[in-house]
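Here are some friendly notes to read with the model open beside you. Take the points one at a time and find each place as you go.

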Amino acid sequence: MADGAIDVRLENVSKSFDRVQAVREVSIDIPRGEFFSMLGPSGCGKTTTLRIIAGFERPSQGEVYIRGVRVTAVPPYRRDYSMVFQSFALFPHLTVAENVAFGLRMRRVPGAERRRRAQEALDMVKLEELAQRYPRQLSGGQQQRVALARALVVQPAVLLLDEPLGALDKKLREEMQVELRQLQRRLGTTTVFVTHDQEEALTMSDRIAIMRDGVIEQMGPPREVYERPRTEFVASFLGASNFFDARVIERRGAEAAVDLGFGRGVIAHVDAPGTDLRIAVRPEKIMLAPLGAPGTHDARIREIVYRGVTTHIYLDCAGREVIVFLQNTAPQALAWRIGDAVSFAWEAGNAVVLDRV
Amino acid sequence: MNRLGHILQIGLAGLAYLLILGPTIVVVIVSFSAGETFAFPPPGLSLRWFVEFFAADNMTGAFLFSLRVGATAAIAATVLATLAARFVVRQRGATSGALQSLFTAPLVFPAIILGLALLLFYRTINVGGPAGLVLAHVLIGMPYAFRLVLASLQSFNLTLEEAAQSLGAGPIRTFFLVTLPIIWPGILSGGLFAFIVSFGELNVALFLTGPGYTTLPIEIFGYLQFPGRQLIIAAASTMQVALIIVLALTIERLVGLARVGRS
Amino acid sequence: MPSSLTGFEPAPLGDFLRRASSYALIATPILFFIVFFLGPLLYLFVVSLLEPSKTELYGTRLTLENYERILVDDFYHRIVTRTLLVGSLVTGTALLIAYPVAMAIARMSPRWRILAMIALMFPLMLSNVVRAYGWIAVLGRQGVVNSVLIGVGAIDTPLAMLYSIETVVIGLMTILLPYMIISIANALTSIDRAYSEAAQSLGANPWRTFIHVTLPLSSPGVAAGMQIVFFLTLSAYVTIALLGGPRFSLLVSLVYRSAMAFQWTQAAALAFVLLTVALCVGTLIVLVLRPGRVQGRG
């Protein structure tokens with residue numbers, strides 16, 4: 001499936017509207033079969049980047065390639081992709097079958113083959129019996145599947161998804177996430193997915209690009225981006241993080257002993273030079289320990305929030321706030337009380353050194 | 001679409017606006033003519049035809065009568081429209097749809113048939129004169145007033161009325177102290193629109209006017225059917241254009257004309 | 001409950017009165033419409049089914065004669081045909097001009113679009129007699145066109161352009177054109193941009209996007225515009241009389257003249273023939289364009 005060919009390539013793409021720079025020098029290579037997500041808050045440029053691939057926006061500079069063909073100046077209808085829109089954009093005056101067959105009709109596929117392939121596409125999303133309905137007669141989830149069938153039936157080189165699950169309620173959205181991913185794996189269609197929902201991006205993607213102010217802050221597989229965030233923005237946008245300033249006291253290879261201001265600690269994988277570091281530690285990587293154990297820091301519990309699967313504990317450590325997530329598996333997670341004195345610590349490998357911005 | 005298509009569209013749009021507005025602009029220019037007969041361009045400029053307009057008893061009479069009919073009909077139409085809209089905005093589904101169709105029906109109904117029907121009806125019950133015309137114009141103006149009042153009530157937050165009632169105001173005081181101060185631009189625009197419609201109305205007035213109670217459009221129509229002093233009609237038309245511009249600007253300030261066009 | 005403030009329980013009678021007054025308020029406009037709209041129309045229909053009378057408004061015997069006369073007489077056939085012809089020409093040319101203009105308006109920035117719409121609404125507020133007079137001023141013997149043509153030496157004697165079917169069509173079409181443009185422009189601006197983008201993403205070029213997506217999605221505005229223009233053409237007696245001259249007759253002219261000649265039963269029957277024509281054409285427009293597909297009905 002993934003034979004190394006690059007299906008989508010953006011080279012130094014920038015786009016400005018009036019005087020606002022929506023996208024700045026973005027370069028991405030997406031290999032065949034990859035599920036690639038662009039994640040970020042609204043206004044970060046992810047949708048503009050998708051629309052540049054689709055051809056609805058012309059980049060102010062840079063080049064766009066689809067399957068090796070430069071398409072920067074090619075109009076949308078001559079590019080080899082299809083798209084699922086946030087509002088689905090199912091044509092209200094056409095039946096489900098006519099909607100699905102639309103792209104084939106535009107490609108002048110003969111009538112009989114058109115009907116057969118449209119029917120197959122509807123089978124694939126399990127909507128074969130609704131072919132003669134109109135879009136308004138379908139539920140949100142069904143409309144979503146029709147939109148997907150309409151996009152996939154033309155066997156595009158690239159499938160673009162513009163927050164396609166945003167219009168669905170939470171439970172249906174989670175079902176569709178799994179279904180969409182399974183379908184994509186089976187067909188091997190290169191997919192570019194835009195979302196502002198970090199969990200959705202983590203669940204579905206082979207690779208994630210996190211965008212902010214028109215710039216890709218970090219790009220990589222979900223685990224890497226989550227476990228080794230490079231900037232404070234990435235660390236806080238994907239999940240939650242505790243941030244500390246750390247001063248290097250002593251280096252031993254890649255490991256360093258640091259002064260955190262409220263005590264000493266050890267960090268593994270220190271690539272950055274210099275002595276003043278900024279580090280991030282995920283709340284679920286922090287352990288609460290008995291008072292006064294060696295290598296731990298003392299704190300007091302200021303607030304406890306019970307969240308079902310987890311309990312969030314807010315610590316006060318010499319005036320700074322430290323958040324700890326505990327799994328509600330062991331009884332001691334529920335035994336803490338506000339005002340208790342505790343100690344906390346993390347494993348050296350779980351502290352991440354951030355780029356100084 | 002391509003560039004050529006765009007240029008064609010712009011050209012066509014210019015032509016359309018010329019065809020729509022051009023003839024009326026010609027009339028307005030000619031009404032300031034100093035000449036004796038119709039000529040374009042006019043031989044010189046003067047206000048003599050406006051002087052003649054105000055000196056002609058039948059013209060000024062028709063003008064004043066049109067103002068009176070329009071004002072009376074507009075007030076009545078607005079009151080009825082407000083009563084109707086207040087009820088309709090609280091209904092949903094079939095009731096709301098049916099009442100809306102009823103109250104806006106005169107908008108699309110061939111007015112000439114309505115005029116004939118009312119004339120026959122008035123003859124049978126022996127009513128007639130100005131009152132019959134005013135009642136007909138209430139009917140013709142009501143759809144416009146109804147739509148504008150309904151639109152402003154639909155954007156009015158009905159919770160405010162509930163809040164007033166929870167504080168002890170009865171329905172009547174709630175309406176005058178809370179609802180009316182918020183939706184009055186819609187009501188006033190509705191009234192102005194009903195006035196405008198009455199002021200230019202022809203098809204019903206054809207049947208329901210008579211000697212001593214002729215509206216300005218019918219008086220103009222009478223003049224036009226016989227050749228003669230056509231420039232006094234140009235002056236009468238310009239008077240109407242001026243009045244409508246003032247009223248249209250008022251509505252624009254109150255609720256926005258483009259919003260009216262959408263409904 | 002406000003009455004609890006004063007310490008009273010709402011009496012059943014008070015409750016009844018309150019509800020009754022709410023119905024009384026809506027009853028006034030409804031009653032007004034029944035007495036002055038639905039009632040007279042029903043009455044007119046009954047009169048169309050009565051025999052004519054020389055002394056009274058109408059006779060007492062029920063008959064279909066008034067309609068039969070219209071159905072069998074060639075004269076009326078010609079009038080109905082001409083009415084349909086003028087109506088179709090006015091509606092058709094208005095549509096052909098209005099659609100591209102509406103597209104241009106829909107593409108404007110909101111600020112310009114509002115100005116363009118106001119410029120279209122203003123003439124609709126003027127009396128049609130003033131706008132018809134405008135065309136007399138342009139096309140009449142001493143009108144603008146003749147003055148210009150004589151001025152440049154193209155003709156010696158003024159052309160007789162008034163009192164022809166072409167003038168009636170041009171006059172009615174331009175007087176009613178704003179309705180068509182406004183109706184279509186509103187429909188076009190309310191179409192979500194995502195639909196045409198979806199079509200393009202599926203390989204439709206601009207022309208096919210227009211044919212397969214934009215045009216059908218604008219059908220509610222097209223249907224409404226065509227109906228308004230056709231209906232108003234049917235009852236535009238004054239414009240037809242002024243631009244067509246005393247000898248040019250459409251259905252509406254016959255309705256008016258019969259009434260002025262006190263042939264009430266005849267006028268009533270003609271009025272309902274006119275109404276039938278309106279309903280048939282209105283239905284035809286809906287059947288062909290099927291605006292309900294887009295509006296979530298049918």
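1. Let us begin with a term: two residues are in contact if their C-beta atoms, placed from the backbone, lie within 7 Å. Two pairs of chains touch, and the pair with the most contacts is chains B and C. Chains A and B share no contact, and their closest C-alpha atoms are 12 Å apart.

2. A word on how to read this predicted model: local features need pLDDT of at least 70, side-chain atom pairs count only at pLDDT 80 or more, and totals for chains, interfaces and linings use all residues. Residues are numbered from 1 along each chain as its sequence is written, while chains are lettered from A and ligands numbered from 1 in the order in which they are written.

3. How confident is the predictor about chain A? The pLDDT (the predictor's confidence in each residue, from 0 to 100) averages 89 in chain A, with 98% of the residues scoring at least 70. Helices (H or I, at least four residues) and strands (E, at least two) are DSSP runs, numbered from the N terminus.

4. Now look where chains B and C meet. Chain C brings 69 residues to this contact and chain B brings 65. On the side of chain C, helix 1 (residues 12–48) gives the largest share, 13 residues. That side of chain C has 58 nonpolar, ten polar and one charged residues. Here Ala, Val, Leu, Ile, Met, Phe, Trp, Tyr, Cys and Pro count as nonpolar, Asp, Glu, Lys and Arg as charged, and the others, Gly among them, as polar.

5. Chain A touches chain C with 19 residues, which meet 18 residues of chain C. Strand 6 (81–84) and helix 2 (96–106) of chain A each supply at least two residues of the chain A side. By class, that side has 13 nonpolar, four polar and two charged residues.

6. Helix 11 (residues 237–244) of chain C is worth a visit: eight of its eight residues are buried. A residue is buried if 20 or more other C-beta atoms lie within 10 Å of its own, exposed if 12 or fewer, and partly exposed in between, with C-beta atoms placed from the backbone. The buried residues pack against elements of chains B and C, including helix 5 (111–125) of chain B and helix 7 (165–189) of chain C. After helix 11 of chain C comes C:G245, with a positive phi near 85 degrees.

7. Back in chain A, six strands form an open sheet with mixed pairing, in the order 6-7-8-3-9-10. Two strands pair if DSSP finds at least two bridges between them.

8. Finally, find the hairpin of strands 1 and 2 of chain A, where two residues lie between the strands and A:D18 in the turn has a positive phi of about 50 degrees. Eight bridges join these antiparallel strands, and A:S16 stands opposite A:Q21. A:Q21 is partly exposed, with 15 other C-beta atoms within 10 Å.
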